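This report describes selected local features of a structural model.

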Amino acid sequence: MNTTDAKRVLETALICAPQPLSVRELGTLFDMEVSADTLKTLLADLQLEWTGRGVELVQVATGWRFQSRPELRPYLDRLHPEKPPRYSRAAMETLAIIAYRQPVTRGDMEDIRGVTINSLIIKQLEDRGWIEVIGHRETVGRPALFATTRQFLDDLGLASLDQLPPLDGSEVQESALDRLDFESLANSLQPGASESDTPESDLLLVADPLATDPVSPDPISPPSDPQLLEPSTQEDHDPGSNPPHLA
C-alpha cells in the first residue's frame with residue numbers, strides 16, 4: 001500500500017470513529033504491518049493537509065480525532081441551540097484544584113478553598129468522568145487521592161497535563177484561590193470564545209468550560225466562559241438541592 005492510500009485509510013477511520021483512536025488502534029487497520037513511527041508521520045501529514053479547513057486533526061490524551069475549529073463553533077451552535085451542562089462555581093473550583101495540584105485528598109481541597117466540600121460535588125465530577133480515585137494517602141483514615149482522567153484531557157482537547165494553561169503567577173497557594181483564574185483558563189482553551197454574559201448575581205451557575213466539539217453525530221455545544229468569583233466562607237451549596245446547577 002502506498003502512502004496516499006494509507007492516508008486515505010487513516011482519514012476515513014478517524015472521521016468515522018465516534019471517539020479518539022490511538023496509534024495502536026490505527027495500526028490494526030494495516031494488520032500491524034505499518035510501524036508506529038510511520039503512522040505518526042502519516043498523521044502529521046494529514047494534519048498539514050487539513051490546515052485551513054473547518055475541521056482539524058488533533059491529538060488528545062486517548063488518541064487522534066477530527067474536530068471542528070473553535071472559530072466555527074458559533075455557527076455550529078445554531079444547529080444545536082440547547083444549552084451545555086452547567087456546573088456550580090464550587091464544582092469548577094474543586095476541579096481546577098485537582099487539575100493543578102493532583103493527586104489531592106478532599107481535605108487538601110478544603111484547605112485550599114477554605115470551605116467544606118459537599119460530597120455531591122465530588123460525585124458530580126466523578127460521574128462526568130473528569131476525576132477518579134487513584135490511591136489512598138498513608139495517613140490516619142487513609143483518605144482517597146483524586147486526580148483527573150484521560151477523559152478530562154480529551155474534553156479539553158489536550159494530550160497531556162503539561163498543556164494546561166499556566167496559572168497567573170506562582171504556584172497555587174494552599175490558603176487562597178487567587179491563583180485559580182478560571183476566566184484565563186477558559187480563554188486559553190477556547191480561542192475566540194465570547195465573554196460570559198452570566199450576571200454576578202448568578203453565583204452558583206457557571207458553564208462547563210470543558211466541552212469540545214468533535215466530529216460526531218452528537219457534537220457538544222461550546223459553553224460561555226466561567227468567571228472567577230471570590231471564595232465563600234460558607235459551606236458549599238448542595239448541588240442536589242438546586243436543580244439549575246445541571247440546567
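The side chain of N118 reaches the backbone nitrogen of L120 at 2.8 Å. Such a polar contact is a pair of N or O atoms within 3.5 Å; within protein, one must be able to donate a hydrogen and the other to accept it, and residues adjacent in sequence count only if both atoms are side-chain atoms. N118 is located in the loop between α6 (106-113) and α7. Helices (H or I, at least four residues) and strands (E, at least two) are DSSP runs, numbered from the N terminus. N118 is buried, its relative accessible area being 15%. Buried means under 20% relative accessible area, exposed over 50%, and partly exposed in between (1.4 Å probe, protein chains only).

## Basis of the model

The model is predicted: local features need pLDDT of at least 70, side-chain atom pairs count only at pLDDT 80 or more, and totals for chains, interfaces and linings use all residues. Residues are numbered from 1 along each chain as its sequence is written, and side-chain values use heavy atoms, with hydrogens and water left out.

## Crossing of α5 and α7

Helix α5 (residues 89-101) and helix α7 (residues 119-127) have axes that come within 10 Å and cross at roughly 65°. Axes are lines fitted to C-alpha atoms, for helices over the stretch in contact, and angles run from 0 to 180 degrees between N-to-C directions.

The crossing of α5 past α7 is right-handed; a crossing is left-handed if the near helix is turned anticlockwise from the far one by less than a right angle, and right-handed if clockwise. From α5, the residues A90, A91, T94 and L95 make the contact, and from α7, I121, I122, Q124 and L125. Contact means heavy atoms within 4.5 Å.

## Backbone geometry in the loops

Q102 and P103 are joined by a cis peptide bond, with omega of about -5°. P103 belongs to the loop between α5 and α6.

D31 is exposed, with a relative accessible area of 63%, whereas M32 is partly exposed at 48%.

## Contacts between separated residues

L153 is situated in helix α8 (residues 150-156) and is buried, with a relative accessible area of 8%. The C-alpha atoms of L153 and A61 are separated by 5.8 Å, and these residues are 92 residues apart along the chain. Not counting residues up to four places away in sequence, L153 touches A61, L158, A159, S160 and L161.

G54 lies in the loop between α3 and β1 (55-60) and is partly exposed, with a relative accessible area of 29%. Its C-alpha atom is separated by 9.1 Å from that of P70, 16 residues apart along the chain. With residues up to four places away in sequence not counted, G54 touches Q67, S68, R69 and L72.
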